[in-house]
Amino acid sequence: MAGLSTTDAQKSSDMLLKCRYMDEITGGRGVVFATGTPVSNSMTELFTMQRYLQQDLLEKGFTDSRGKHYSLTHFDSWASIFGETVTKVELAPEGKYRPRTRFARFYNLPELMAMFRETADIKTADQLHLPVPEVEYHTEKALPSEEQKQLVRELSDRAAAVHTGQVNPKIDNMLKITSDGRKLGLDQRLINPLFPDNPASKVNMCVENVFRIWEDGQADKLTQLIFCDLSTPKAAAAATRDRTAMAAGNKVAGGTELHALGNLLEDIKPDAPFSVYEDIRSKLVAMGIPEREIAFIHDANTDAKKKELFAKVRSGRVRVLMGSTFKMGAGMNVQDRLIALHDLDCPWRPGDLEQRKGRIVRQGNKNPTVHIYRYVTEGTFDSYLWQTVENKQKFISQIMTSKSPVRSCEDVDETALSYAEIKALCAGNPLIKEKMDLDIDVARLRLLKADHQSHQYRMEDDLLKRFPEKIKENEGFIAGLEADMKTLAEHPHPMVPVKTAAPPQPDGEQPDAPAAPAAETAAVEVKQGFAGMEIGDQTYTDKVEAGKALIAEIRKGIKPGEPVEIGNYRGFSMALSVEDFGRTFVLTLKGQMTHRAELGEDVLGNLLRIDHTLNKMPERVTVLHSQLDNLHQQMKEIQGEIGKPFPQEAELQQKSARLAELNAQLGIEDGPAQAGEQRLAKDARPSVLEGLKRPVPPKQKTDKPKDHRQER
C-alpha cells in the first residue's frame, strides 16, 4: 500500500510496548498523549494513535446489526471498515508507469471519531479561546531570476527525458527533479554556489524583513524565528576549515585554493559549499545585528545547550533563531517575546506547518499581535508545494474538528509530481492555479457522481432483488416459527397438583367449627411438571434423570463436525454438536426452524436453558415482523429516489469543459490514447447484449488455395 510503511522503528516499537505495559498495571489509565497534530499527513495515523492508547478497544472490536463480530486489532481489518483503496497507474520516479494502490476515501468517520473520542479529548481553537496572540499572515512573492527561469526550463527538459526513458534512473529521476526544483525555489546558489546572488530573491526579502522587525523591536528586545528545512548550516569543523583557509590564502570561501588547503586538514568531511543559514546570518551581521543575537538551533546539540539557548531567546539576548521543523518544532517553548515567524520553504506535511505556527501562536507570548511571513518564488515548485499542503490541511480539518465530522472524505497522502505537472509548473503559466483548483473540484465531483450512480444501482438491486428476497425469507421464518410455536403448545409441561398442610391456628384460639378431615383442610397448589425427554431409546419423565442423561451424552465424546441426533423433546428433534474448538456444546432443537441452546455442567440448568430458548420464539416473531415493516418502508422510500439525476451534473459539466480547455492550452493530455482513436460515449457504444441477441449469419464458404505459396 503506497504511503504506508511496513517496517517498524525501534523507538516506536519501544513506546508501544511501554504503553501496553502501563495499561496492564494501571487498567488502561497510565498513558496520556498531548499533541497538536495527532493526524499530520494521512488518516492511517489514527490507527497508530489507537494502537498506543486504545488497544483494548481494538481487540474488543464491534458487532454489526447482523450479529457479525469484527476485530480491529490488525490494520487490514481496521482499513476494511473505515477505508477504501483504489489502484491507479502512476508515474514512477524512473519515468515508467506502474500500478499503485492507495487509500482514496475514508468512510464511517462519525463512528471512527466516536471511538477515538473515548480516549481523545479534542479541543480546537474555536472552543478554548486561549489567551494567544492574533496572527497576521504575509505572503511575500519573489520574481525568479534569469538563472532560475533557465534552470526551470532545464527541469522541464529533464522531466521529459525521464518520462520518455532516455536517461538511466540512477543518473536522473523524478525524485531528483523534485528535490532540485525545491532547492531552486529557495535559492539558485543551492544548485551551484557560483551563481550570482539575486537581490530580489526570497532569501533577501526575508533578510530585509528580519532586519526591519529587529530594528522596530529594539526597545522590547522582540525575537524572531526563521524556519528552513532544505539548507542546513555547515558543521563546526567545516567552518574552521574555511576560516583557516581564508587566513592562509585570503581567498573567497568556496574557491579552488580553499578546497586545496582544506584537504590538508585531517578528519574533516567535505560539506555543502553554500548554506542559506550562513548567508542570512552574514547579511544580517553586515546590516548591523550583533552576531551574538543570531543563533542556529543546530549549534545546540545537547539538552543542556538547548536549555541555555532557549533561555537566551526568552530573555531577548538571542533575537533571531534559525532552524528546521524537526529541530525547532514540537517541544520548543521560546514564545515569550516572539513577534515574527518566517517560513522560507514549504514542508510536505501540514502537521509540520502547524508545529511551526505553534511556536509563536502560543500561551505566554507577550505580544497581542504576531506576524507569520511565507515566502514563495513564482514560476517554481513553491506554488505546487503550498497547494498540496493546503489540500492536505483541508482534509485533516474535516476530522479534527469540534463539530460533527462528515460521513466520508478523500484521503490526501504525499503527492509526487507528475511529468505533466512539472512541465506546466515550469512554464510559469498563470492558468496553472486555475487548473490545479479545477483538477481537485472535478475529481471531487466525479467521485460524488460515481457514488450517486453506485447508490442508484444499489437501490435498484435492493428494490428488484435484495428486498424481495429478504421479505420472502423473513415471511418464511415467521411461518416456520409460528408452526414451531404451535408444536410447542401441543407439547406443554403438565400441571401437577401439590397438596400442602392447613395453616396452624394461633395458640389459645379454638376453631369455630368442628375439625374437618385432613384431606379436606390441606391447601391445593398447582406446580409445573416435566413433559419428558427422549434420549436414545429411553424416555425420561424425571427432570433430574433427563438432565443426567443429557450430560452423559455430552461425555460420550461428540466429535467436532455435523450435529449428532440424540433424541426428542416437546415435539422437536435434538442434535448435539461441539463448537469453538471444543469449548462449547450446543443442543439444536429442530422443527420447522432450528433453535440453539448452549449446554453447561448443571443438570437442571441445561433444561432451563432449553425451555428458555423455546419460549423466546414469540420474541423472534415480533422482531421479524418489525424487520418486515422496515423493509416495506425502505422499498417505499427507494421507489421515490430511483431515477433522480445527479444534483451537481451541471457544475460537473461546466468545470470539466473548462478543464479540458485548460489542458488543451497547456498541452496536457487527459490520458494515454492511441492516435486517431475516437472515444465513444457510453450511450453511443454498441450494446454487447444486443449483439448477442442478433441471429448468427450463415458461414460463407471460401475457396482456399491448396498450397501455401505467397502470391506476388
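**An aromatic cluster in a predicted model**

Modeller: Phe 47, Phe 75, Trp 78 and Phe 82 are joined into a cluster by ring pairs. The model is predicted: local features need pLDDT of at least 70, side-chain atom pairs count only at pLDDT 80 or more, and totals for chains, interfaces and linings use all residues. Residues are numbered from 1 along each chain as its sequence is written, and side-chain values use heavy atoms, with hydrogens and water left out.

Biologist: How many aromatic pairs does the structure hold?

Modeller: There are nine aromatic pairs. One of them joins Phe 47 and Phe 75.

Biologist: How do you know whether Phe 47 is buried or exposed?

Modeller: Buried means under 20% relative accessible area, exposed means over 50%, and partly exposed lies in between (1.4 Å probe, protein chains only). Phe 47 has 7%, and therefore counts as buried. Phe 75, at 21%, is partly exposed. Of the 712 residues of the protein, 38% count as buried.

Biologist: What makes Tyr 21, Met 22 and Ile 25 a nonpolar patch?

Modeller: A patch takes residues with over 30% relative accessible area and no salt bridge, joining like charges within 9 Å and nonpolar side chains (Val, Leu, Ile, Met, Phe, Trp, Tyr) within 5 Å. A salt bridge is a side-chain nitrogen of Lys or Arg within 4 Å of a carboxyl oxygen of Asp or Glu. Together the three residues have about 300 Å² of accessible area, by the Shrake-Rupley method with a 1.4 Å probe, where only the protein chains shown count as cover for residues. Ile 25 is placed in helix 1 (residues 10-26).

Biologist: Where in the protein is confidence lowest, and where is it highest?

Modeller: On pLDDT, the predictor's confidence in each residue from 0 to 100, helix 11 (residues 256-264) is lowest, at a mean of 40, and strand 6 (residues 223-227) highest, at 95. The protein averages 77.

Note on methods. Rings of Phe, Tyr and Trp (its six-membered ring) pair if their centres lie within 6.5 Å; planes under 30 degrees apart count as stacked, over 60 as edge-to-face and the rest as tilted. Helices (H or I, at least four residues) and strands (E, at least two) are DSSP runs, numbered from the N terminus.
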